Amino acid sequence: MSLRRTRLLVCTLWGLGASACHGTEDLLEPCDAAARGAPGQAFERCELSSRVEPRANFGGLKVRRSSGRTLVLETTRDAEAHASRRLLARSGDGTVLWRVDEAEGEHFSDFTVHPSGETTLGLERTDAAVGGFDLLRLSTEGQVLSRQPLPVPTTVPSSDLGGSLRPSPFRLKSSWIDALTDGWLRTEARGEDVAVAFLSRVAIESGAPDTPELASGLMALQWADGRYREQWTRVVDGRHSTQPAAWAYDEFRWREAALRPLLAVDGDGRLVVGRTWNTSRCLAASRTFNDFTSLHCKTGQDVTSNVDTERQPFAVTTFTPAGARTGTHVFVPASAAEFVVFDMAVREGELALAGTVVTEGGDGTVGYYPATPGAQNLMTPYDGYLGVLSLDTGALRFEHRVDMGRADHFSALRWTDAGLLAVGGSGWDRWYGGMSISRGAGALLALASSDGQTVRTRQAGPEGQDRHFHLLGVDSDGDSLVAVGLAEAPMTHSGDVSNTAAMTFGGLTVELR
(Lines give C-alpha, C1' and ligand atoms only; values in the text may rest on other atoms or scores of the structure.)
Protein backbone atom coordinates (compact mmCIF):
# COMPACT_ATOMS: atom_id res chain seq x y z
CA MET A 1 0.00 0.00 0.00
CA SER A 2 1.18 3.56 -0.63
CA LEU A 3 -0.06 7.03 0.23
CA ARG A 4 -1.25 9.07 -2.74
CA ARG A 5 -0.73 12.75 -3.30
CA THR A 6 -4.01 14.59 -2.88
CA ARG A 7 -5.48 15.26 -6.31
CA LEU A 8 -8.42 17.46 -7.24
CA LEU A 9 -10.38 16.76 -10.41
CA VAL A 10 -12.86 19.37 -11.63
CA CYS A 11 -15.41 18.39 -14.30
CA THR A 12 -17.61 20.90 -16.13
CA LEU A 13 -20.88 19.72 -17.65
CA TRP A 14 -21.27 20.22 -21.38
CA GLY A 15 -24.57 18.47 -21.90
CA LEU A 16 -26.55 15.73 -20.26
CA GLY A 17 -23.97 13.38 -18.79
CA ALA A 18 -20.99 14.78 -20.76
CA SER A 19 -18.25 16.70 -19.02
CA ALA A 20 -14.74 18.03 -19.43
CA CYS A 21 -12.30 17.48 -16.57
CA HIS A 22 -8.96 18.92 -15.51
CA GLY A 23 -6.80 17.96 -12.57
CA THR A 24 -4.61 19.94 -10.19
CA GLU A 25 -2.19 18.83 -7.51
CA ASP A 26 -0.67 20.37 -4.40
CA LEU A 27 -2.95 23.43 -4.37
CA LEU A 28 -4.41 22.62 -0.96
CA GLU A 29 -3.98 24.60 2.23
CA PRO A 30 -5.03 24.63 5.88
CA CYS A 31 -8.76 25.20 6.18
CA ASP A 32 -9.06 28.69 7.67
CA ALA A 33 -11.85 31.17 7.02
CA ALA A 34 -10.05 32.70 4.04
CA ALA A 35 -9.67 29.32 2.37
CA ARG A 36 -13.32 28.42 2.83
CA GLY A 37 -14.83 31.35 0.95
CA ALA A 38 -18.11 30.58 -0.80
CA PRO A 39 -19.98 27.29 -0.27
CA GLY A 40 -18.10 24.45 -1.91
CA GLN A 41 -14.71 26.15 -1.92
CA ALA A 42 -13.65 24.39 1.27
CA PHE A 43 -14.04 21.05 -0.50
CA GLU A 44 -11.81 22.29 -3.30
CA ARG A 45 -9.23 24.25 -1.32
CA CYS A 46 -8.77 22.62 2.05
CA GLU A 47 -6.73 19.62 3.12
CA LEU A 48 -8.46 16.37 4.01
CA SER A 49 -7.26 14.36 6.99
CA SER A 50 -7.52 10.58 6.99
CA ARG A 51 -7.21 8.07 9.82
CA VAL A 52 -6.75 4.32 9.43
CA GLU A 53 -7.57 1.74 12.10
CA PRO A 54 -5.73 -1.47 11.14
CA ARG A 55 -7.49 -4.80 10.93
CA ALA A 56 -9.13 -6.33 12.77
CA ASN A 57 -10.90 -3.21 14.05
CA PHE A 58 -14.26 -1.52 13.59
CA GLY A 59 -15.04 0.18 10.29
CA GLY A 60 -17.82 2.69 9.60
CA LEU A 61 -21.06 1.92 7.74
CA LYS A 62 -23.04 5.13 8.29
CA VAL A 63 -22.32 8.50 9.90
CA ARG A 64 -24.45 11.46 10.98
CA ARG A 65 -23.49 14.77 12.60
CA SER A 66 -25.78 16.41 15.14
CA SER A 67 -25.16 19.34 17.51
CA GLY A 68 -21.40 18.97 17.54
CA ARG A 69 -21.52 15.17 17.88
CA THR A 70 -20.67 12.52 15.31
CA LEU A 71 -22.69 9.30 15.42
CA VAL A 72 -21.33 6.25 13.59
CA LEU A 73 -22.72 2.78 12.99
CA GLU A 74 -19.66 0.51 12.92
CA THR A 75 -18.98 -3.13 12.11
CA THR A 76 -16.14 -5.58 12.63
CA ARG A 77 -15.29 -9.19 11.75
CA ASP A 78 -12.62 -11.14 13.63
CA ALA A 79 -10.24 -13.85 12.41
CA GLU A 80 -12.82 -16.54 13.29
CA ALA A 81 -15.41 -14.78 11.08
CA HIS A 82 -17.52 -13.55 14.03
CA ALA A 83 -19.16 -10.22 13.19
CA SER A 84 -20.56 -7.54 15.49
CA ARG A 85 -21.72 -3.93 15.32
CA ARG A 86 -21.95 -0.92 17.58
CA LEU A 87 -23.37 2.60 17.53
CA LEU A 88 -21.23 5.26 19.12
CA ALA A 89 -21.20 9.03 19.56
CA ARG A 90 -18.05 11.15 19.56
CA SER A 91 -17.45 14.75 20.50
CA GLY A 92 -15.78 17.23 18.18
CA ASP A 93 -12.33 16.25 19.46
CA GLY A 94 -12.99 12.53 18.90
CA THR A 95 -13.77 11.60 22.50
CA VAL A 96 -16.28 8.74 22.76
CA LEU A 97 -19.35 10.11 24.55
CA TRP A 98 -21.34 6.89 24.61
CA ARG A 99 -21.57 3.53 22.90
CA VAL A 100 -24.22 0.86 22.38
CA ASP A 101 -22.99 -2.64 21.45
CA GLU A 102 -24.89 -5.44 19.77
CA ALA A 103 -25.88 -8.21 22.14
CA GLU A 104 -25.71 -11.84 21.10
CA GLY A 105 -28.52 -12.54 18.64
CA GLU A 106 -28.91 -8.89 17.55
CA HIS A 107 -28.16 -7.14 14.28
CA PHE A 108 -28.02 -3.33 14.16
CA SER A 109 -29.67 -2.37 10.87
CA ASP A 110 -29.90 1.45 10.65
CA PHE A 111 -30.25 4.61 12.73
CA THR A 112 -31.57 8.14 12.40
CA VAL A 113 -31.11 11.30 14.47
CA HIS A 114 -34.07 13.51 15.46
CA PRO A 115 -34.05 17.33 15.80
CA SER A 116 -33.88 16.95 19.59
CA GLY A 117 -30.62 15.01 19.23
CA GLU A 118 -32.28 11.76 20.29
CA THR A 119 -31.60 8.71 18.12
CA THR A 120 -33.74 5.86 16.83
CA LEU A 121 -31.83 2.64 16.18
CA GLY A 122 -33.46 -0.10 14.12
CA LEU A 123 -32.29 -3.63 14.90
CA GLU A 124 -33.26 -7.24 14.34
CA ARG A 125 -33.42 -10.06 16.86
CA THR A 126 -31.96 -12.74 14.63
CA ASP A 127 -33.28 -15.71 16.64
CA ALA A 128 -36.92 -14.56 16.32
CA ALA A 129 -38.96 -16.58 13.82
CA VAL A 130 -41.44 -13.71 13.41
CA GLY A 131 -41.61 -10.12 14.65
CA GLY A 132 -37.85 -9.74 14.87
CA PHE A 133 -37.58 -6.00 14.09
CA ASP A 134 -37.13 -3.67 17.09
CA LEU A 135 -36.87 0.10 17.55
CA LEU A 136 -34.54 1.48 20.23
CA ARG A 137 -34.86 5.14 21.28
CA LEU A 138 -31.73 6.70 22.77
CA SER A 139 -31.30 10.02 24.56
CA THR A 140 -28.60 12.52 23.60
CA GLU A 141 -26.48 10.89 26.34
CA GLY A 142 -27.03 7.39 24.92
CA GLN A 143 -29.49 6.28 27.58
CA VAL A 144 -32.23 3.88 26.51
CA LEU A 145 -35.57 5.70 26.54
CA SER A 146 -37.57 2.90 24.95
CA ARG A 147 -37.19 -0.46 23.27
CA GLN A 148 -40.11 -2.14 21.58
CA PRO A 149 -40.87 -4.48 18.68
CA LEU A 150 -41.95 -2.85 15.46
CA PRO A 151 -45.75 -3.08 15.74
CA VAL A 152 -47.53 -5.75 13.72
CA PRO A 153 -49.32 -3.58 11.13
CA THR A 154 -53.03 -3.03 11.74
CA THR A 155 -53.69 -0.17 9.31
CA VAL A 156 -52.78 -1.70 5.93
CA PRO A 157 -55.62 -0.74 3.54
CA SER A 158 -57.40 -3.60 1.80
CA SER A 159 -56.42 -2.09 -1.56
CA ASP A 160 -52.81 -2.96 -0.75
CA LEU A 161 -53.51 -6.62 -0.16
CA GLY A 162 -54.57 -7.47 -3.70
CA GLY A 163 -55.79 -10.92 -2.76
CA SER A 164 -52.25 -12.30 -2.66
CA LEU A 165 -51.35 -11.40 0.90
CA ARG A 166 -53.04 -12.18 4.18
CA PRO A 167 -54.12 -9.20 6.40
CA SER A 168 -50.76 -9.25 8.22
CA PRO A 169 -48.51 -9.70 5.19
CA PHE A 170 -45.14 -9.27 6.89
CA ARG A 171 -43.20 -11.73 8.99
CA LEU A 172 -40.93 -8.82 10.04
CA LYS A 173 -37.94 -11.06 9.58
CA SER A 174 -34.99 -10.90 7.16
CA SER A 175 -33.25 -13.80 5.43
CA TRP A 176 -29.57 -13.55 6.28
CA ILE A 177 -27.03 -11.43 8.15
CA ASP A 178 -23.39 -10.61 7.40
CA ALA A 179 -20.84 -8.14 8.74
CA LEU A 180 -21.54 -5.78 5.81
CA THR A 181 -25.25 -6.51 5.32
CA ASP A 182 -27.33 -3.45 4.53
CA GLY A 183 -30.14 -3.91 7.02
CA TRP A 184 -33.65 -4.69 5.79
CA LEU A 185 -35.08 -2.25 8.36
CA ARG A 186 -34.44 1.39 7.39
CA THR A 187 -35.20 4.40 9.59
CA GLU A 188 -35.70 8.11 8.85
CA ALA A 189 -36.72 10.85 11.27
CA ARG A 190 -39.97 12.77 10.73
CA GLY A 191 -39.30 15.42 13.31
CA GLU A 192 -39.45 13.50 16.60
CA ASP A 193 -41.52 10.79 14.92
CA VAL A 194 -40.02 8.13 12.67
CA ALA A 195 -40.69 6.33 9.41
CA VAL A 196 -39.41 2.84 8.68
CA ALA A 197 -39.15 0.98 5.38
CA PHE A 198 -38.59 -2.73 5.60
CA LEU A 199 -38.11 -5.79 3.46
CA SER A 200 -39.52 -8.89 5.10
CA ARG A 201 -40.14 -12.53 4.51
CA VAL A 202 -43.86 -12.98 3.97
CA ALA A 203 -46.09 -14.26 6.73
CA ILE A 204 -47.35 -17.83 6.35
CA GLU A 205 -50.34 -19.65 7.78
CA SER A 206 -49.75 -22.07 10.63
CA GLY A 207 -48.73 -25.43 9.20
CA ALA A 208 -48.14 -24.07 5.69
CA PRO A 209 -44.77 -24.76 4.02
CA ASP A 210 -42.15 -22.05 4.29
CA THR A 211 -41.42 -19.80 1.33
CA PRO A 212 -38.49 -17.59 0.35
CA GLU A 213 -40.87 -14.94 -0.98
CA LEU A 214 -40.60 -11.38 0.29
CA ALA A 215 -42.74 -8.28 0.73
CA SER A 216 -41.78 -4.70 1.52
CA GLY A 217 -43.62 -2.08 3.52
CA LEU A 218 -43.54 1.47 4.82
CA MET A 219 -44.73 2.42 8.32
CA ALA A 220 -45.09 5.83 9.94
CA LEU A 221 -44.88 5.88 13.74
CA GLN A 222 -45.59 8.61 16.27
CA TRP A 223 -43.35 9.12 19.29
CA ALA A 224 -45.51 9.95 22.30
CA ASP A 225 -45.46 9.11 26.01
CA GLY A 226 -42.22 7.22 25.68
CA ARG A 227 -43.42 4.82 22.98
CA TYR A 228 -43.83 4.49 19.23
CA ARG A 229 -47.37 4.00 17.93
CA GLU A 230 -48.31 3.02 14.39
CA GLN A 231 -49.92 5.87 12.44
CA TRP A 232 -50.24 4.11 9.10
CA THR A 233 -48.67 1.29 7.11
CA ARG A 234 -48.58 0.69 3.35
CA VAL A 235 -47.42 -2.23 1.25
CA VAL A 236 -44.66 -1.04 -1.09
CA ASP A 237 -44.14 -4.27 -3.04
CA GLY A 238 -46.38 -7.30 -2.46
CA ARG A 239 -45.35 -10.94 -2.58
CA HIS A 240 -42.29 -11.25 -4.81
CA SER A 241 -38.95 -13.01 -5.21
CA THR A 242 -35.47 -11.50 -5.30
CA GLN A 243 -32.55 -13.92 -5.23
CA PRO A 244 -29.44 -12.20 -6.59
CA ALA A 245 -26.65 -14.38 -7.92
CA ALA A 246 -23.82 -15.17 -5.52
CA TRP A 247 -20.05 -15.16 -5.96
CA ALA A 248 -17.00 -15.67 -3.73
CA TYR A 249 -17.23 -12.39 -1.78
CA ASP A 250 -19.31 -9.30 -2.43
CA GLU A 251 -17.05 -6.56 -1.09
CA PHE A 252 -19.00 -3.59 -2.49
CA ARG A 253 -22.46 -5.00 -1.61
CA TRP A 254 -23.78 -5.45 -5.15
CA ARG A 255 -26.08 -8.24 -3.94
CA GLU A 256 -27.32 -6.05 -1.09
CA ALA A 257 -28.38 -3.39 -3.59
CA ALA A 258 -30.64 -5.91 -5.32
CA LEU A 259 -32.44 -6.62 -2.05
CA ARG A 260 -32.62 -3.92 0.59
CA PRO A 261 -34.92 -0.87 0.45
CA LEU A 262 -33.76 2.72 0.72
CA LEU A 263 -35.83 5.39 2.52
CA ALA A 264 -35.83 9.18 2.45
CA VAL A 265 -38.13 11.95 3.73
CA ASP A 266 -38.44 15.24 1.84
CA GLY A 267 -38.82 18.59 3.55
CA ASP A 268 -42.53 18.73 2.66
CA GLY A 269 -43.09 15.43 4.47
CA ARG A 270 -43.29 13.14 1.46
CA LEU A 271 -41.77 9.70 1.98
CA VAL A 272 -39.78 7.98 -0.74
CA VAL A 273 -38.91 4.27 -0.90
CA GLY A 274 -36.30 3.17 -3.44
CA ARG A 275 -35.21 -0.30 -4.52
CA THR A 276 -33.90 -2.29 -7.47
CA TRP A 277 -36.68 -3.03 -9.94
CA ASN A 278 -36.98 -6.61 -11.14
CA THR A 279 -39.64 -8.64 -12.94
CA SER A 280 -41.11 -10.11 -9.78
CA ARG A 281 -41.44 -6.77 -7.99
CA CYS A 282 -42.91 -5.22 -11.12
CA LEU A 283 -45.50 -7.98 -11.42
CA ALA A 284 -46.44 -7.52 -7.76
CA ALA A 285 -47.06 -3.83 -8.44
CA SER A 286 -49.00 -4.72 -11.56
CA ARG A 287 -51.30 -7.12 -9.69
CA THR A 288 -51.98 -4.85 -6.74
CA PHE A 289 -51.61 -1.25 -7.90
CA ASN A 290 -51.92 -1.44 -11.71
CA ASP A 291 -48.76 0.64 -11.98
CA PHE A 292 -47.46 -1.40 -14.92
CA THR A 293 -48.78 -4.01 -17.33
CA SER A 294 -47.61 -7.59 -16.94
CA LEU A 295 -46.23 -7.44 -20.49
CA HIS A 296 -44.07 -4.46 -19.58
CA CYS A 297 -42.83 -6.25 -16.45
CA LYS A 298 -41.69 -9.20 -18.57
CA THR A 299 -40.21 -7.33 -21.55
CA GLY A 300 -39.45 -3.74 -20.50
CA GLN A 301 -35.89 -2.40 -20.72
CA ASP A 302 -36.30 -0.78 -17.29
CA VAL A 303 -36.89 -4.14 -15.56
CA THR A 304 -34.28 -6.75 -14.68
CA SER A 305 -34.44 -10.44 -13.75
CA ASN A 306 -34.86 -11.59 -10.16
CA VAL A 307 -31.23 -12.81 -10.03
CA ASP A 308 -29.42 -10.01 -11.89
CA THR A 309 -26.76 -8.10 -9.99
CA GLU A 310 -25.14 -6.19 -12.84
CA ARG A 311 -27.88 -4.12 -14.48
CA GLN A 312 -30.28 -3.03 -11.74
CA PRO A 313 -32.93 -0.45 -12.80
CA PHE A 314 -33.99 1.63 -9.80
CA ALA A 315 -37.59 2.35 -8.79
CA VAL A 316 -38.92 4.93 -6.34
CA THR A 317 -42.41 5.07 -4.91
CA THR A 318 -43.63 8.23 -3.22
CA PHE A 319 -46.17 8.58 -0.41
CA THR A 320 -47.84 11.67 1.04
CA PRO A 321 -47.31 12.47 4.75
CA ALA A 322 -50.68 10.81 5.39
CA GLY A 323 -49.67 7.63 3.55
CA ALA A 324 -51.35 8.01 0.15
CA ARG A 325 -49.41 6.26 -2.60
CA THR A 326 -48.73 8.74 -5.41
CA GLY A 327 -46.89 6.66 -8.00
CA THR A 328 -43.76 4.78 -8.97
CA HIS A 329 -41.01 5.93 -11.32
CA VAL A 330 -38.31 3.63 -12.72
CA PHE A 331 -34.91 4.88 -13.87
CA VAL A 332 -31.90 3.48 -15.66
CA PRO A 333 -29.35 5.78 -17.35
CA ALA A 334 -29.10 5.96 -21.12
CA SER A 335 -26.64 3.51 -22.70
CA ALA A 336 -26.11 1.67 -19.41
CA ALA A 337 -24.71 -1.82 -19.89
CA GLU A 338 -24.49 -2.12 -16.09
CA PHE A 339 -26.00 0.07 -13.39
CA VAL A 340 -26.35 -0.15 -9.60
CA VAL A 341 -27.68 2.40 -7.09
CA PHE A 342 -26.13 2.22 -3.64
CA ASP A 343 -27.74 5.29 -2.01
CA MET A 344 -30.32 8.00 -2.56
CA ALA A 345 -31.33 11.33 -1.02
CA VAL A 346 -34.23 13.74 -1.57
CA ARG A 347 -34.52 17.50 -1.20
CA GLU A 348 -37.15 19.96 -2.36
CA GLY A 349 -38.76 17.61 -4.83
CA GLU A 350 -35.53 16.28 -6.28
CA LEU A 351 -34.16 12.75 -6.00
CA ALA A 352 -30.39 12.18 -6.02
CA LEU A 353 -28.86 8.79 -6.80
CA ALA A 354 -25.35 7.49 -6.17
CA GLY A 355 -23.88 4.31 -7.59
CA THR A 356 -21.91 3.06 -10.56
CA VAL A 357 -22.49 2.64 -14.29
CA VAL A 358 -20.88 0.96 -17.30
CA THR A 359 -21.62 2.94 -20.47
CA GLU A 360 -22.03 1.45 -23.93
CA GLY A 361 -20.60 3.29 -26.92
CA GLY A 362 -22.68 4.36 -29.87
CA ASP A 363 -22.16 0.97 -31.48
CA GLY A 364 -23.39 -0.86 -28.39
CA THR A 365 -19.97 -2.09 -27.29
CA VAL A 366 -18.14 -1.48 -24.00
CA GLY A 367 -14.60 -0.05 -23.95
CA TYR A 368 -12.88 -2.59 -21.71
CA TYR A 369 -9.35 -1.71 -20.59
CA PRO A 370 -6.26 -3.82 -19.77
CA ALA A 371 -5.22 -4.01 -16.12
CA THR A 372 -1.68 -3.16 -17.25
CA PRO A 373 -0.45 -2.05 -20.68
CA GLY A 374 -0.52 -4.98 -23.08
CA ALA A 375 -2.24 -7.34 -20.62
CA GLN A 376 -4.67 -9.91 -22.05
CA ASN A 377 -7.08 -9.73 -19.10
CA LEU A 378 -9.58 -6.96 -19.76
CA MET A 379 -11.36 -4.98 -17.04
CA THR A 380 -14.83 -3.42 -16.96
CA PRO A 381 -14.93 0.42 -17.07
CA TYR A 382 -17.20 1.31 -14.15
CA ASP A 383 -17.77 5.05 -13.63
CA GLY A 384 -19.00 6.57 -10.40
CA TYR A 385 -22.60 7.66 -11.03
CA LEU A 386 -24.42 10.72 -9.69
CA GLY A 387 -27.86 11.63 -11.02
CA VAL A 388 -30.62 14.04 -9.99
CA LEU A 389 -34.23 13.42 -11.03
CA SER A 390 -37.57 15.08 -10.50
CA LEU A 391 -39.45 13.32 -7.72
CA ASP A 392 -42.76 14.19 -9.41
CA THR A 393 -42.06 13.05 -12.97
CA GLY A 394 -38.94 10.90 -12.77
CA ALA A 395 -37.29 13.06 -15.44
CA LEU A 396 -33.48 13.32 -15.28
CA ARG A 397 -32.27 16.85 -14.50
CA PHE A 398 -28.55 16.13 -14.68
CA GLU A 399 -26.05 13.31 -14.23
CA HIS A 400 -22.30 12.83 -13.89
CA ARG A 401 -20.35 9.71 -14.82
CA VAL A 402 -17.08 10.14 -12.95
CA ASP A 403 -14.11 8.35 -14.53
CA MET A 404 -10.88 8.47 -12.53
CA GLY A 405 -9.04 6.08 -14.86
CA ARG A 406 -10.00 2.60 -13.67
CA ALA A 407 -13.23 1.53 -11.93
CA ASP A 408 -15.11 3.90 -9.61
CA HIS A 409 -18.29 3.85 -7.55
CA PHE A 410 -20.21 5.96 -5.04
CA SER A 411 -21.66 4.24 -1.96
CA ALA A 412 -23.28 7.14 -0.07
CA LEU A 413 -24.41 10.72 -0.61
CA ARG A 414 -25.89 13.72 1.20
CA TRP A 415 -27.42 16.99 0.05
CA THR A 416 -25.47 20.01 1.38
CA ASP A 417 -25.69 23.78 0.91
CA ALA A 418 -22.78 23.48 -1.51
CA GLY A 419 -24.35 20.68 -3.56
CA LEU A 420 -24.41 16.92 -3.61
CA LEU A 421 -21.68 15.25 -1.54
CA ALA A 422 -20.83 11.63 -2.38
CA VAL A 423 -18.20 9.09 -1.29
CA GLY A 424 -17.10 5.65 -2.40
CA GLY A 425 -14.08 3.98 -3.96
CA SER A 426 -11.80 4.47 -6.94
CA GLY A 427 -8.96 2.73 -8.75
CA TRP A 428 -10.21 -0.86 -8.53
CA ASP A 429 -10.33 -3.44 -11.34
CA ARG A 430 -13.05 -6.00 -12.06
CA TRP A 431 -12.57 -8.69 -14.71
CA TYR A 432 -15.03 -8.25 -17.59
CA GLY A 433 -16.08 -11.92 -17.54
CA GLY A 434 -17.33 -12.07 -13.94
CA MET A 435 -17.53 -10.27 -10.61
CA SER A 436 -13.99 -10.89 -9.31
CA ILE A 437 -12.04 -7.78 -8.29
CA SER A 438 -8.26 -7.99 -8.70
CA ARG A 439 -7.12 -4.52 -7.62
CA GLY A 440 -8.15 -2.74 -4.44
CA ALA A 441 -9.95 0.60 -4.17
CA GLY A 442 -8.88 3.84 -2.60
CA ALA A 443 -11.24 6.42 -1.08
CA LEU A 444 -13.14 8.71 -3.47
CA LEU A 445 -15.08 11.87 -2.56
CA ALA A 446 -17.07 14.12 -4.88
CA LEU A 447 -19.05 17.35 -4.66
CA ALA A 448 -21.52 18.08 -7.49
CA SER A 449 -22.85 21.63 -7.72
CA SER A 450 -26.59 22.03 -7.23
CA ASP A 451 -27.01 23.27 -10.80
CA GLY A 452 -25.27 20.19 -12.15
CA GLN A 453 -22.61 22.17 -13.99
CA THR A 454 -19.53 20.95 -12.11
CA VAL A 455 -18.39 18.00 -10.05
CA ARG A 456 -15.21 18.16 -8.00
CA THR A 457 -13.51 14.96 -6.86
CA ARG A 458 -10.98 14.30 -4.13
CA GLN A 459 -8.96 11.20 -3.19
CA ALA A 460 -7.64 10.68 0.32
CA GLY A 461 -5.91 8.05 2.41
CA PRO A 462 -3.98 5.03 1.16
CA GLU A 463 -4.31 3.51 -2.28
CA GLY A 464 -5.78 0.04 -2.25
CA GLN A 465 -3.82 -2.19 -4.62
CA ASP A 466 -3.84 -5.47 -2.63
CA ARG A 467 -6.84 -4.63 -0.38
CA HIS A 468 -9.64 -2.07 -0.30
CA PHE A 469 -9.77 1.36 1.34
CA HIS A 470 -13.24 2.68 0.57
CA LEU A 471 -15.95 4.87 2.08
CA LEU A 472 -19.49 3.77 2.97
CA GLY A 473 -21.01 6.77 4.78
CA VAL A 474 -20.78 10.56 4.75
CA ASP A 475 -22.30 13.60 6.41
CA SER A 476 -21.67 17.32 6.37
CA ASP A 477 -22.11 20.18 8.80
CA GLY A 478 -21.61 23.49 7.04
CA ASP A 479 -18.24 23.39 5.28
CA SER A 480 -16.96 20.47 7.34
CA LEU A 481 -17.47 16.84 6.43
CA VAL A 482 -16.80 13.39 7.82
CA ALA A 483 -16.77 10.14 5.85
CA VAL A 484 -16.35 6.61 7.20
CA GLY A 485 -15.60 3.25 5.67
CA LEU A 486 -13.28 0.27 5.68
CA ALA A 487 -9.48 0.01 5.58
CA GLU A 488 -7.44 -3.01 4.50
CA ALA A 489 -10.70 -4.70 3.54
CA PRO A 490 -10.71 -8.03 1.69
CA MET A 491 -11.16 -8.43 -2.04
CA THR A 492 -13.24 -11.04 -3.87
CA HIS A 493 -10.95 -14.01 -3.34
CA SER A 494 -9.10 -12.97 -0.16
CA GLY A 495 -10.91 -15.62 1.85
CA ASP A 496 -10.53 -18.50 -0.58
CA VAL A 497 -9.53 -21.88 0.93
CA SER A 498 -11.31 -20.86 4.16
CA ASN A 499 -8.79 -18.16 5.04
CA THR A 500 -11.05 -16.38 7.54
CA ALA A 501 -8.16 -14.32 8.96
CA ALA A 502 -7.81 -12.63 5.57
CA MET A 503 -11.46 -11.53 5.74
CA THR A 504 -10.89 -9.06 8.57
CA PHE A 505 -10.78 -5.31 7.99
CA GLY A 506 -10.09 -2.04 9.77
CA GLY A 507 -11.61 1.42 9.75
CA LEU A 508 -11.11 4.49 7.56
CA THR A 509 -12.19 8.01 8.50
CA VAL A 510 -11.76 11.07 6.27
CA GLU A 511 -12.50 14.56 7.59
CA LEU A 512 -12.51 18.16 6.49
CA ARG A 513 -12.83 20.41 9.51
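So, to start: in what order do the four strands of the open sheet with β8 in it run? The order is β8-β9-β10-β11, and the pairing is antiparallel. The strands at the edges are β8 (106-113) and β11 (144-149), and each has a single partner strand, so one side of each has no neighbour in the sheet. Neighbouring strands here are turned by 20° against each other on average, ignoring direction; the axes are lines fitted to C-alpha atoms, for helices over the stretch in contact, and angles run from 0 to 180 degrees between N-to-C directions.

A quick word on what we're looking at. This is a predicted model, where local features need pLDDT of at least 70 and side-chain atom pairs count only at pLDDT 80 or more, while totals for chains, interfaces and linings use all residues. Residues are numbered from 1 along each chain as its sequence is written, and side-chain values use heavy atoms, with hydrogens and water left out.

About the words: helices (H or I, at least four residues) and strands (E, at least two) are DSSP runs numbered from the N terminus, and two strands pair if DSSP finds at least two bridges between them.

Strand β9 (residues 119-125) pairs with β10 (residues 133-138) in the antiparallel sense, over six bridges. Look at Thr-119 and you'll see Leu-138 of β10 opposite.

Six bridges join β18 (residues 314-319) to β19, antiparallel, and Phe-319 has Arg-325 in β19 as its bridge partner.

On to the second largest pocket, which holds about 420 Å³ of space. Its lining has 27 residues, and Arg-51, Thr-70, Arg-90, Thr-509 and Glu-511 lie nearest the centre. Strands giving at least two lining residues each include β3 (49-53), β6 (83-90) and β33 (506-512). A pocket here is an open set of points on a 1 Å grid over the protein atoms alone, where a 1.4 Å probe fits, with protein on both sides within 12 Å along at least five of seven lines; lining residues have an atom within 4 Å of a point. The volume is the space filled by probe spheres set on the points, with grid points joined across faces, edges and corners.

Last stop: Leu-283, in helix α4 (residues 279-289). Leaving out residues up to four places away in sequence, Leu-283 touches Ser-294, Cys-297 and Lys-298, with contact meaning heavy atoms within 4.5 Å.
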